[in-house]
Amino acid sequence: MNTTLNAVPSFLDATLHSSRPTGDHPSFLVSDAMSHSPNSVDSPPAPPLETDNPKYWRTVLFALFALSGFSGLIYESVWSNYLKLFLGHAAYAQTLVLALFMGGMALGAWLSGYALKRIKNPLMTYVFIELIIGCFGLSFHFMFQTTSNFLLNSVLPGIESPWLIETLRWLLASCLILPQTLLLGATFPLISAGILRAYPNTPGASISMLYFSNSIGAVAGVLVAGFVLVKLVGLPGTTLTAGLINFLLAFLVFAINKQLQLRQAVKEQSASSKIQHLRPMLIIALITGLSSFIYEISWIRMLSMVLGSTTHSFELMLSSFILGLALGGLWLNKRIDRFQNPIFTLGLVQLWMGLLALLTLLWYNTSFEFSHFFLNTIKFNNNGYLLYNLFSYLQASLLMLPVTFLAGMTLPLISYVLYKNGGGETAISKVYAFNTLGAILGVALAAFVLLPYLGLKLSVITGACLDLLLALFLLSQTEYKKWRNAAVGLSVAGVLMLTLAPPFDTSYMASGVFRRGVLDFEHTRKSLMHQDGKTASVTVFSVGTQLLIATNGKVDASISLDPKASPTGDEDTMTMLGGLPLVAHPDAKTAAVIGIGAGASANILLHSKRLQNLDVIEIESAMVKGAKFFGETSRLLFTDPRSKIHIDDAKSFFSSHQKKYDIIVSEPSDSWVSGVANLFTDEFYQRITKHLQPRGLLVQWLHLYEVSPAAVSSIFTALGKHFQDYRVYASNSGNLIILAQADGKIPSLSEFNLLDDGLKQAFARVGIQSSADLHLQELGGKSLLHPYFLLENVPANSDFFPYVDQQASRARFTKSNSTITQLKTAMLPMPGANFHGQVKSSNGQMPQPLMSRLNAQSAHTMMQFLASQGETTPPTHTPEMHRLRIDLIQKQRCQDSIAREFWTKQLTIFAANFLPFSTKDEAAPALHTLQGLACTNAANTQAMLRLMAAVSARNPQEIEKNALPLLKDENAQAAEYARLSWQYALFLQGRKQELAAALYKYPHDGQLWRLMLGHAQVGRQ
């Protein structure tokens, strides 16, 4: 593709010195303006002589306009984020936010074009506008919070009409952003006019350099804002930074303006002549803007399945797209004023744009293989993350840059043509406005028509066809017959070739190659549905007996189609999400579910006969279509009259529907997916409490894989600010289910015999047959766990300071995981529901069992084995457990010191793994058996057995007493167990100052030690 790209400028270079065709020109584009005599009434005045202004000031102004592009892209990014927080992330909301932003800029450019006729010094007007924009930048966060909080807290609660609520929200959004965008839109025409008046003899070079400068500044703005500023100072600090840049620009341009002499503006041609030239070129500017944004929307969706859907991935893609525009403008800089026929050049540019856009479709399947190869050659660590970002930029550039390089030439060429044909300075503003309007239409067309109804491939082909039609039209206005004929042939051949080419590989698209570098070369995945929706591409596919649904290549849910086979790892999570709140709140009458997934959680809620209404909020309609493939798993969701599905963003839905629920289940996608982290923020939790009935429950799903422990702590810190109590359950080692109540303590779980039959059957499917099973999966409540999370000393995740989103991309790549579930296997009994040794009595098997469930089963069989003095032969769960039983019961192994040392080590392993899951009564016979063995003759062994008896009794005083003699035991395992037991005894007694000293004296790398340190620090504060 690079070779092709290099070939394009060589063809264009040929037009620099080609002689203009002779004879009659049928075109209104290659017009009379090119051939009129100087004395013609309609011809533009001859350009004035060059002013005496030093050329270096022009270079400085270009550099400053790059800085303007830098700040402008910051505003576009940050203001869009602000409005999405207020209006939501639904497809229509995203499109309307972009329409507000770009529409304001288009209108600002158009109005400034008319005003230029009366402005004597455009640079001074530019200075004033930059100052006003800077004032808005400095005050935007305050204005946003003040007005949005007033609307949400004081106005909307008194309104019942969803239509009126939506109208007021959009009216406020328009008032917040339109004034600034109008001013931003005026900056390009004003500084262009200022430079053209100061340096009038090379207008083409000036125009192309302005486009380059603004675009290259925008490239830097995307990367610096996304990777640096938001992380360091949040959204408020980022807008503040942009505002300060505006003030700096105003000061510097003011100073430069004093050094320049500006000539009067070039007068435009008469109205009749303008009609001949202006309107068709403005339509061309509109169409090329439309096609470019069709490409951008389609390519970003395509690349999200190759590179991932993180915020940083999108920033890299956007930066790569704008970089091509900048380089195209730069390439024109030294050439544009020498073009003999710029219309012909523009036609060639549009031709190559269309053809190269078609070629991106041929590269797409290969890009997955390219990623697979690269990811299997690097390590998933911090150094590898840097390499992966560079690789992602390369991938995005390979796909987009050849086309955007050419797209970057179109506006300078169109502006130059109109300027030279008498359009004057206002032509630049009009071209800018129409191109921006085309971009708005391109976004809307791609999001609402092309992607949902035609798919990605045909969307790109549509954009390419528009460019090729423009090329044919432009070339038809010249007498280069060979190129006209060649363009027709190339266009037809290119479109036919791509239409008949193999389709996109949906197996590749659903593979999530960006996560582990794994690609389904054997095509073992059978695709049942693939749809490019308005916000995501959704694939439903089967692998063996499993059925899965993926969004943008990331699997969101899976089930086993074989009822006799073990459930998948997702089924236990989905079952607990829907079932656990009903066990805690069996009388719930109303519920809402955020995120449909496979429909399982909502389906399980509908098993409750007491439930009267269920609202399911899903942002992507293609997910609803995909959920229908899951049969019985989602059947009630689509057939039960109590269920209603809403296609909307969760924040938007709740703010426009003033409803309250007994249960709200939040199960979005992973927090590293762009936009999802906003459902784990301080502000979201604050607002969601207003939609809970008294004693209502929020049920929050949280993944522990591909997320940093600090990010998990940030989410819990945000949650804890607005909920008086929460209780945390682990559905498996990688997923948490959080029950949270804003007004009081969460009630105890009800007994299973009170549950509806359908709910009991759903629980039994994943091996949960009693409340005791659920207790074994409980990690603890807020009083126990919150100090653990506060220990990280990280800020609460916030809409304005998106800590989780900024951590997400790196954590996903480096496979960072939270190990909080290890609290359940932390050598000593965890305070909580099973503190006194709730032993699992059922035979249910979990698909991805927690170690606590396995250890509970193992503890039960081990205690029986020892109580019978080795006469029983219970089933062996692991080879290690079998070896441990043999080592403990064989007396002959204890005849020498080495054997006794080994036996004491095994005794410590027994204590750490099984005593936390055994009651005092169950452990007593087993400990009695151990007391009679020959290996217990040593004093340290007797001390260890007394410590174990104290631990089984959960007696902190006795634990402390019997742990102290073993703190410096020769056996390393026994000493470690004794030290942690001593600290644990101080923790249970609430002696926090002594606990802090003990923890620092004997540090440990386990999660229980960190939990106790969190409590000790809270106590000392």
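In these legends a residue counts as buried under 20% relative accessible area, exposed over 50%, and partly exposed in between (1.4 Å probe, protein chains only). The views show a predicted model, in which local features need pLDDT of at least 70 and side-chain atom pairs count only at pLDDT 80 or more, while totals for chains, interfaces and linings use all residues. Residues are numbered from 1 along each chain as its sequence is written, and side-chain values use heavy atoms, with hydrogens and water left out.

**View 1. Asn 793 in the loop between helix 25 and helix 26 (803–814).** Helices (H or I, at least four residues) and strands (E, at least two) are DSSP runs, numbered from the N terminus. Asn 793 counts as exposed, at 69% relative accessibility, and has a positive phi of about 55 degrees although it is not a glycine. Most residues other than glycine have a negative phi.

View 2. Among the buried residues are Lys 782, His 786 and Phe 789.

**View 3. The packing of helix 11 (residues 382–423) with helix 12 (residues 425–476).** The two helices pack at an angle of about 145 degrees, with their axes 8 Å apart; axes are lines fitted to C-alpha atoms, for helices over the stretch in contact, and angles run from 0 to 180 degrees between N-to-C directions. Where contact means heavy atoms within 4.5 Å, the residues of helix 11 that meet helix 12 include Leu 411, Ile 414 and Leu 418, and those on the helix 12 side include Ala 427, Ile 428 and Val 431.

**View 4. An open sheet of four strands, in the order 1-2-3-4.** The pairing is antiparallel, and two strands pair if DSSP finds at least two bridges between them. Strand 1 (526–532) and strand 4 (554–560) stand at the edges with a single partner strand each, so one side of each is left without a neighbour in the sheet. Neighbouring strands are turned by 15 degrees against each other on average, direction ignored. Helix 12 packs on this sheet, where it touches strand 1 and strand 2, and its direction makes about 120 degrees with that of strand 1.

**View 5. Strand 2 (residues 537–543), strand 3 (residues 546–551) and the loop that holds Asn 552.** Strand 2 and strand 3 pair in the antiparallel sense over six bridges, and Val 538 has Thr 551 in strand 3 as its bridge partner. Asn 552, in the loop between strand 3 and strand 4, is buried, with a relative accessible area of 9%, and its phi is near 50 degrees, a positive value in a residue other than glycine.
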